[in-house]
Structure formats: structure tokens, C-alpha cells
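Here are my notes on the model you sent for comment. They are set out as numbered points.

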Amino acid sequence: MKLLLDSSSSLLFSLLLAQLPVFTSASPVPQRRPTDMDKLSNQTKNLMKLTQELLREHAFDSDVEPHRFRSLPEMSNRSANDLNNLELKPTLSQLHADLKLYEHHFEWLNKVSKKHHHPALPKLVEMIREMKSLINLLHRQMLRVEAPRLTQATPSLPPHLPYQFDVLQSSHELLQHFKLFCDWAYRAFISLKPKVSAVQ
């Protein structure tokens with residue numbers, strides 16, 4: 001009788017061991033919650049995609065007259081080589097100030113586009129909404145790491161645009177400039193992510 005019980009126990013134990021991998025694989029793997037830096041890089045990537053779509057939809061066959069906007073953030077002094085040497089707080093503060101400046105420019109573009117019935121208006125509105133969301137998220141991250149908010153520069157906007165072609169050219173230049181900014185900002189957020197983890 002004892003031998004029968006021992007055999008039964010051994011068989012049950014073997015069956016449980018055989019099922020263990022099934023139970024383990026069936027249990028859900030805990031998902032890593034995205035950090036604010038993940039959200040910042042993802043939203044920036046989404047903004048870059050919207051910008052590229054607008055540029056493709058309204059591409060110009062000829063060269064666009066440059067330098068209509070004199071107060072946009074300077075991009076020529078930012079390179080991929082700088083990304084590894086970025087300081088956390090100054091970079092977050094500068095990106096926030098840059099985005100606020102772009103926000104002013106795109107809101108201006110939105111107003112003049114309404115007057116001329118610009119065909120890209122719905123996507124432009126979506127873009128401004130995404131930009132505001134990104135600015136708010138970035139400001140929240142700045143508060144967490146105690147990054148200062150820079151004094152906002154007054155944007156220098158073009159004079160009244162009498163013709164729709166002027167609006168199209170202005171939007172093209174602004175979108176091209178913003179696409180470069182988004183590409184750099186996206187890489188900057190990824191580069192800064194380990195530095196944020198180190199201070200939190």
C-alpha cells in the first residue's frame with residue numbers, strides 16, 4: 001500500500017513538473033511602463049511625421065525664398081556629435097524655449113492660413129495641438145529635475161502676407177525648419193534618458 005502511495009505521489013509530482021513551463025509561459029510578462037522621456041521622444045517623432053506629411057502634400061517644384069522667419073531657433077550649430085555631451089537641465093530648458101517659439105510661429109501661420117483657406121489647415125491644427133501637448137509634457141519633466149524655464153524671446157514674424165502663394169512659401173520654410181528641429185530633439189531626448197534616470 002505504501003509503495004502504491006509513493007508511486008502515485010511521484011507520478012503527480014512529475015506531472016506538475018511537466019506542466020511548470022506551460023504555467024510559466026502562460027503568465028503575462030509585466031510591461032515596462034513608458035517614462036516621460038519615452039513619451040517625449042515618441043511625441044516628437046509623431047510631430048516629425050506630421051511635418052513630413054505636410055511637406056509631401058504641399059511640395060514645391062521651385063526653391064522657396066529663405067529667411068522669412070528671423071527668430072526661429074538656430075539649428076546650424078547643433079550636430080549629432082553634440083548629442084553625447086548634452087547637459088540635462090540646460091538642454092531641457094532650451095528645447096522648451098525652442099518649442100514655445102515654434103508654437104508662436106505655427107499659431108501665426110494658422111491664422112493667416114484661415115484667411116487664405118489653406119488646404120493643409122486641418123493637419124496644421126492637429127500639429128499645433130500635438131505641439132502644445134509636447135510642451136506641457138516637457139515642462140512637467142523640467143519640474144521633476146528642477147530645470148529652469150528660460151525667458152521667452154519675442155518672435156519676429158513676417159509682415160502681412162497678401163497672397164496665398166506667400167502663405168504657401170512661408171509654411172514650407174517653417175515646416176522644413178521644424179522638421180530639422182524635431183529630428184534633433186528626438187535624438188536629444190533619447191540621449192538624455194539615462195541622465196534623467198540618474199537624477200531621479
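1. Basis. This is a predicted model, in which local features need pLDDT of at least 70 and side-chain atom pairs count only at pLDDT 80 or more, while totals for chains, interfaces and linings use all residues. Residues are numbered from 1 along each chain as its sequence is written, and side-chain values use heavy atoms, with hydrogens and water left out.

2. Fold. The protein has five helices and zero strands, in the order α-α-α-α-α along the sequence. Helices (H or I, at least four residues) and strands (E, at least two) are DSSP runs, numbered from the N terminus. Contact means heavy atoms within 4.5 Å. Among contacts with a separation of 6 or more, 91% are between residues 24 or more positions apart.

3. Surface and burial. Of the 200 residues, 40% count as buried. The classes are buried (under 20% relative accessible area), exposed (over 50%) and partly exposed (in between), with a 1.4 Å probe and protein chains only.

4. Nonpolar core. The largest nonpolar core holds 43 residues, and Tyr102, Phe106 and Phe178 touch the most other members. Two or more residues each come from helix 2 (36-57), helix 3 (88-115), helix 4 (121-145) and helix 5 (164-199). Helix 5 gives the most, with 12 residues. Such a core is a set of buried Ala, Val, Leu, Ile, Met, Phe, Trp, Tyr and Cys residues joined through side-chain atoms within 4.5 Å. In soluble globular proteins, nonpolar side chains tend to be buried together.

5. Leaving aside neighbours within four places in sequence, Phe106 is in contact with Leu124, Met127, Ile128, Met131, Leu174, Leu175 and Phe178. Leu175 lies in helix 5 and is buried at 6% relative accessibility. With the same exclusion of neighbours within four places, Leu175 is in contact with Thr51, Leu54, Leu55, Phe106 and Met127.

6. Aromatic pairs. The count is five. Rings of Phe, Tyr and Trp (its six-membered ring) pair if their centres lie within 6.5 Å; planes under 30 degrees apart count as stacked, over 60 as edge-to-face and the rest as tilted. Phe69 and Trp108 form an edge-to-face pair, 5.7 Å centre to centre with 80° between the planes. Phe69 is in the loop between helix 2 and helix 3 and Trp108 is in helix 3, 39 residues apart. Phe69 is buried at 7% relative accessible area, and Trp108 is buried at 14%. Elsewhere, ring pairs link Tyr102, Phe106, Phe178 and Phe181 into a cluster.

7. Charge over a ring. The charged end of Arg78 sits over the ring of Trp184, 5.3 Å from its centre. The rule asks for NZ of Lys or CZ of Arg within 6 Å of the ring centre and within 35 degrees of the ring normal.

8. The whole structure has nine salt bridges, each a side-chain nitrogen of Lys or Arg within 4 Å of a carboxyl oxygen of Asp or Glu. One of them joins Arg140 and Asp36, the closest N and O atoms being 3.1 Å apart. Arg140 lies in helix 4 and Asp36 in helix 2, so the pair ties together parts 104 residues apart in sequence. Arg140 is partly exposed at 39%, whereas Asp36 is buried at 6%.

9. Salt-bridge network. Lys100, Glu103, Glu107 and Lys132 are linked in a network of salt bridges. In the bridge between Glu103 and Lys132 the closest N and O atoms are 2.6 Å apart; Glu103 is in helix 3 and Lys132 in helix 4, 29 residues apart. Lys132 also bridges to Glu107, with the closest N and O atoms 2.6 Å apart. Glu103 is buried at 8%, while Lys132 is partly exposed at 33% and Glu107 is partly exposed at 27%.
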